[in-house]
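Trainee: I'd like to learn how to read a structure like this. Could you walk me through it?

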Number of protein chains: 2
Amino acid sequence: MSTPTDPAQRPMRADARRNYEKLVTAARELFAKDGAAVSLEEVARHAGVGSATLHRNFPSRQHLLEAVYAGEVEEMSRVDGLEDLDPWDALITWLRRFATFAATKRAIGDALAVYVERDDPVFKRSGAAITEAGEPLLKRAQEAGVVRDDAVFLDVARMVVGIAAVRTADPEQHARILDLALDGLRPSARG
Amino acid sequence: MSTPTDPAQRPMRADARRNYEKLVTAARELFAKDGAAVSLEEVARHAGVGSATLHRNFPSRQHLLEAVYAGEVEEMSRVDGLEDLDPWDALITWLRRFATFAATKRAIGDALAVYVERDDPVFKRSGAAITEAGEPLLKRAQEAGVVRDDAVFLDVARMVVGIAAVRTADPEQHARILDLALDGLRPSARG
DNA sequence: TTACGATACGGAGGACCACCCCACTTCACA
DNA sequence: TGTGAAGTGGGGTGGTCCTCCGTATCGTAA
């Protein structure tokens with residue numbers, strides 16, 4: 001889950017694992033405080049670790065983002081008590097939560113966009129969590145006839161991510177835009 | 001139109017104007033070839049001009065983008081023979097053109113997003129052109145009863161920009177997502 | 001046509017960045 | 001406890017943006 005190495009590989013050495021954790025912790029703090037554009041040098045400094053160590057553990061900024069947020073994404077994706085709602089509300093509620101998450105955590109939002117948009121293997125884990133959670137909700141809504149049949153999950157996800165990526169000072173506007181777009185999912189809207 | 005200085009100010013010196021043009025030309029070529037992230041140093045080099053000259057003319061990358069694309073944005077915004085179409089088709093056609101433009105020219109797309117998203121004064125000119133073209137189309141469609149009354153132009157524009165900003169290898173997907181979202185504009189879709 | 005002040009120039013340099021190299025340290029296992 | 005493999009971090013490289021300031025060029029008034 002939070003294992004930095006593939007299970008196939010031999011386990012990390014204790015000191016290496018320690019440094020890995022220090023880096024992820026430092027990155028989480030700095031991303032939250034200053035956004036995802038923080039210099040990697042700064043992250044390494046803050047973690048009390050050489051920059052080479054950072055680059056060895058995380059070949060790119062995206063890898064670091066994935067490590068920092070993978071857990072949160074999985075938690076966000078969870079479908080809690082959504083099964084109790086009717087199919088439309090369940091889907092919309094989940095999509096709204098997804099959008100809010102992406103919009104709030106700008107850092108992960110941008111990273112998510114990269115995953116959702118390009119199937120970047122770096123984000124396989126986070127991406128899988130999202131698809132696993134959302135796709136059944138969409139299916140259920142379609143089977144209930146409250147969402148148009150031709151909607152594809154990845155289309156919908158990308159739409160939401162795109163809208164979430166819009167930067168606006170007014171959070172109300174975000175909600176308005178999203179609602180507008182989500183109304184397009186209704187079968188009655190079809191031309 | 002392409003005047004770099006405000007009319008109030010005294011005209012630029014001939015050599016200054018020459019350099020200004022060289023920079024805009026070089027930037028246009030490089031943006032088209034390599035995207036909007038091209039190094040400004042590179043642009044200056046390509047224009048055969050010192051980097052200080054670039055920074056004097058364009059305090060930020062956004063200023064350079066605005067200078068490069070202002071004309072194209074205005075042309076793209078034009079409503080041509082759209083008045084002949086029925087209100088819905090006119091609006092949708094224009095919005096689609098807008099989205100395609102933003103998506104195709106990634107460089108200006110990102111810059112546009114900045115304008116449309118934050119009212120950055122740097123993009124006042126381009127932004128005004130867009131609003132002047134699009135807002136009447138939306139109004140007309142609303143008056144004809146084919147678009148929900150509560151839709152606000154800036155919401156719609158931001159939605160389209162957000163979707164256009166989604167990077168996907170498949171252009172068909174872009175079209176699908178946009179159509180999905182635009183269907184949300186129909187009054188019949190309202191809850 | 002000249003001469004001179006305002007204007008604009010560009011290269012050098014500072015501060016920063018990502019990323020790599022490699023002599024050195026630390027670990028884990030026999 | 002000794003040894004080789006794994007991991008380290010400081011310093012180097014080459015790139016970025018941006019500013020400073022001595023120099024060159026322009027436009028104009030004489």
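**Reading the model**

Mentor: Start with the fold: chain A has nine helices and zero strands. Keep in mind that this is a predicted model.

Trainee: What pattern does chain A follow along the sequence?

Mentor: Reading along the sequence gives α-α-α-α-α-α-α-α-α. Of the 191 residues in chain A, 40% count as buried. As for contacts with a separation of 6 or more, 62% in chain A are between residues 24 or more positions apart.

Trainee: Which residues of H5(A) are buried?

Mentor: Among them are Pro87(A), Ala90(A), Leu91(A), Ile92(A), Trp94(A) and Leu95(A). Further along H5(A), Phe98(A), Ala99(A), Ala102(A) and Ala103(A) are buried too.

Trainee: Now a single residue. Is Ala67(B) buried or exposed?

Mentor: Count the neighbours. Ala67(B) has 20 other C-beta atoms within 10 Å, and 20 or more makes a residue buried, so Ala67(B) is buried. Ala67(B) sits in helix H4 of chain B, which runs over residues 61-77.

Trainee: Which residues does Ala67(B) touch?

Mentor: Leaving out residues up to four places away in sequence, Ala67(B) touches Val24(B) and Phe58(B). Then there is Ser126(B): 59 residues separate Ala67(B) and Ser126(B) in sequence, yet their C-alpha atoms are 9.7 Å apart in space.

Trainee: Let's turn to the two chains. How are chain A and chain B related?

Mentor: Here's the general idea: two copies of a chain are related by a rotation about an axis and a shift along it. In this model, a rotation of 180 degrees with 0.1 Å of shift along its axis superposes chain A on chain B, with an RMSD of 0.2 Å. That is the relation of a two-fold axis.

Trainee: How many residues does each chain bring to the contact?

Mentor: Chain A gives 26 residues and chain B gives 26 residues. On the side of chain A that touches chain B, helix H6 (106-118), helix H8 (153-165) and helix H9 (171-183) each supply at least two residues. By class, that side of chain A has twelve nonpolar, five polar and nine charged residues. The copies meet through the same surface, because 100% of the interface residues of chain A are also interface residues in chain B.

Trainee: And the DNA? Which residues are closest to DNA strand C?

Mentor: Of the 22 residues that surround DNA strand C, the closest are Ala14(A), Ser39(A), Ala52(A), Gly50(B) and Ala52(B). The surface near DNA strand C has seven nonpolar, eight polar and seven charged residues.

Trainee: Which residues come nearest to DNA strand D?

Mentor: Out of 22 residues around DNA strand D, the nearest are Asn19(A), Gly50(A), Ala52(A), Ala14(B) and Ser39(B). For the surface near DNA strand D, the largest share is four residues from H3(A). H1 and H3 of chain A, with H1, helix H2 (40-47) and H3 of chain B, each supply at least two residues of that surface.

Technical notes: Residues are numbered from 1 along each chain as its sequence is written. Chains are lettered from A and ligands numbered from 1 in the order in which they are written. This is a predicted model: local features need pLDDT of at least 70, side-chain atom pairs count only at pLDDT 80 or more; totals for chains, interfaces and linings use all residues. A residue is buried if 20 or more other C-beta atoms lie within 10 Å of its own, exposed if 12 or fewer, and partly exposed in between; C-beta atoms are placed from the backbone. Two residues are in contact if their C-beta atoms, placed from the backbone, lie within 7 Å. A residue is near a molecule or strand if its C-beta atom, placed from the backbone, lies within 6 Å of it. Ala, Val, Leu, Ile, Met, Phe, Trp, Tyr, Cys and Pro count as nonpolar, Asp, Glu, Lys and Arg as charged, and the others, Gly among them, as polar. Copies are superposed by least squares on the C-alpha atoms of residues with pLDDT of at least 70 in both.
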